[in-house]
Amino acid sequence: MHGWHGLDDVPGDWGRSVVTIGVFDGVHRGHQRMVERAVAMARELGVAAVVITFDPHPDEVVRPGTHPPRLSTTRHRMRLLGDLGVDAVCVLPFTLEFSQMTPDEFVQAVLVDRLHAAGVVVGENFRFGHKAAGNLETLRELGEKYDFVAEGVPLVSDGEAISSSLVRDLLTSGDVEGASGALGRPHRIEGVVVRGHQRGRALLGFPTANVESQAFTCIPADGVYAGWLECVQSPSPYEGERWPAAISIGTNPTFEGVERTVEAYALDRDDLDLYGAHVVVDFVARLRGMLKFDSVDALIEQMRRDVDEARRLLTQG
């Protein structure tokens, strides 16, 4: 799969394409349906399938100060889209100047001049151009002008409407299982393991990886979760290894903490040194909310129960 960052990366001799357009944050099941339709149309026409996505999120530019919690990093989004069979993903920098293009200017500059669109697939509620002036009907009219067909796909799965906003709402309420259903896979966060207070190893007996994620990452509600911890890049021998994990999100209220952290304990592993490693955390189930305990001993006892429950959930079946 080709990965392009900006239109200048598109080869000058690129042939005709079927193009699908969207932010695709999270690449949820509605997005997957849209991309799969674009791939199918491309195969029918004998041309390439190309995804256009944007970075940063358009809302950050057109509504300064807003930062929709991100469901996926750009790198993970590109990988997910590639897994759906597309031939190329083009990440367009979304700037104020770009946001001021009219629908016709966008279509001509992006879809016609660079990607030579033979077909365009979008969500039925797709809006584009300055002040969101264009919609699916606009795209169809421009398709007649520039010789491509435009098709709208409802972003639904099993009859239920799916949106990135829905997934964010599920995660912020702690419903990681509901989010997994909408995404078609567990929600993932990623980041670098940094040093924390080291209470897990020195005091509690459960050494954790303190994961520092990118700004504005969509992190589930405070609580304890069962999931998976994977080392994806590290100078250590652990690269490529994946472990069942108990994951704590919150401010560590038993210790009067104020900083919100994500800490993952690889079950039954007290020998891991992951500092500086790039890791991913996949959330499978919520075990409980975040609690403040009267003593360290009470916290340790609850952590033992959490680990047992995480092990049961992750190894059953």
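What is the relative accessibility of Phe98, and does Phe98 count as buried or exposed?

A: Phe98 counts as buried, at 16% relative accessibility (buried is under 20% relative accessible area, exposed over 50%, partly exposed in between, with a 1.4 Å probe and protein chains only). The model is predicted, so local features need pLDDT of at least 70 and side-chain atom pairs pLDDT 80 or more, while totals for chains, interfaces and linings use all residues. Residues are numbered from 1 along each chain as its sequence is written, and side-chain values use heavy atoms, leaving out hydrogens and water.

Phe98 belongs to one aromatic cluster with Phe54, Phe94, Phe106, Phe126 and Phe128. The whole structure holds 10 aromatic pairs (Phe, Tyr or six-membered Trp rings with centres within 6.5 Å; planes under 30 degrees apart are stacked, over 60 edge-to-face, the rest tilted). Phe94 and Phe98 form an edge-to-face pair because their ring centres are 5.4 Å apart and their planes stand at 65°. Phe94 is buried too, at 12% relative accessibility.

Tyr225 and Phe283 also pair edge-to-face, with centres 5.4 Å apart and planes at 85°. This pair links strand β11, which holds Tyr225, to strand β14, which holds Phe283, 58 residues apart (strands are DSSP runs of E, at least two residues, numbered from the N terminus). Both Tyr225 and Phe283 are buried.

Strands β11 and β14 belong to a barrel of 6 strands in the order β9-β10-β13-β12-β11-β14, with antiparallel pairing (two strands pair if DSSP finds at least two bridges between them). Strands β9, residues 187-194, and β10, residues 209-213, are joined by 4 bridges. Gly191 has Ser213 in β10 as its bridge partner.
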